[in-house]
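Here is a short briefing to read alongside the model.

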Amino acid sequence: MQAYKFDTKVSENGAIFLPYLIPNLYGREVELFIIHKEEKSKATKETSAKNFVSRWAGFLKGMNIDTEDAKYNYLSEKYK
């Protein structure tokens, strides 16, 4: 089964126009999925690895938590 992806708009009267002609689909039944594209806002920006690390690095600093013990306990419970 071949899949095709198109970016298009639904017209005011509800019609969907495919921007490319695919002759082997003419006269055949197809299955259509419609996914609403969300508008990207300025507040939603991709987070790079550097931004992530700079934001979260050391967030447990100063807390009396032994992370090695916490990792060991988590893994030992997970793989019992």
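Helices (H or I, at least four residues) and strands (E, at least two) are DSSP runs, numbered from the N terminus. On that basis the protein has two helices and zero strands. This is a predicted model, where local features need pLDDT of at least 70 and side-chain atom pairs count only at pLDDT 80 or more, while totals for chains, interfaces and linings use all residues. Residues are numbered from 1 along each chain as its sequence is written, and side-chain values use heavy atoms, leaving out hydrogens and water.

**Surface**
- Of the protein's 80 residues, 1% are buried (under 20% relative accessible area; exposed is over 50%, partly exposed in between, with a 1.4 Å probe and protein chains only).
- The accessible surface is about 9000 Å², and carbon and sulfur atoms account for 56% of that area (Shrake-Rupley method, 1.4 Å probe).

**Salt bridges**
- There are three salt bridges, each defined as a side-chain nitrogen of Lys or Arg within 4 Å of a carboxyl oxygen of Asp or Glu.
- Asp7 pairs with Lys37, with 3.3 Å between the closest N and O atoms. This pair links distant parts of the chain, 30 residues apart, with Asp7 and Lys37 each in the segment before helix 1 (49-56). Both Asp7 and Lys37 are exposed.
- Lys71 and Glu68 meet at 3.1 Å, N to O. Both sit in helix 2 (residues 67-78), three residues apart, or about one turn of the helix. Lys71 is partly exposed at 46% relative accessibility, and Glu68 is partly exposed at 49%.
- Lys80 and Glu77 also form a salt bridge at 3.1 Å, N to O; Lys80 is exposed, with a relative accessible area of 78%.

**Aromatic pair**
- The structure has one aromatic pair. The ring centres of Tyr4 and Phe6 are 6.4 Å apart and the planes meet at 15 degrees, so the pair is stacked (centres within 6.5 Å for rings of Phe, Tyr and Trp, using the six-membered ring of Trp; planes under 30 degrees are stacked, over 60 edge-to-face, the rest tilted).
- Tyr4 is partly exposed at 39% relative accessible area, and Phe6 is partly exposed at 22%.

**Largest pocket**
- What is a pocket here? On a 1 Å grid over the protein atoms alone, it is an open set of points where a 1.4 Å probe fits, with protein on both sides within 12 Å along at least five of seven lines; lining residues have an atom within 4 Å of a point.
- The largest pocket holds about 1200 Å³ of space. Among its 28 lining residues, Tyr4, Phe6, Leu18, Leu32 and Phe33 are the closest to its centre.

Key: Points joined across faces, edges and corners; volume = space filled by probe spheres on them.
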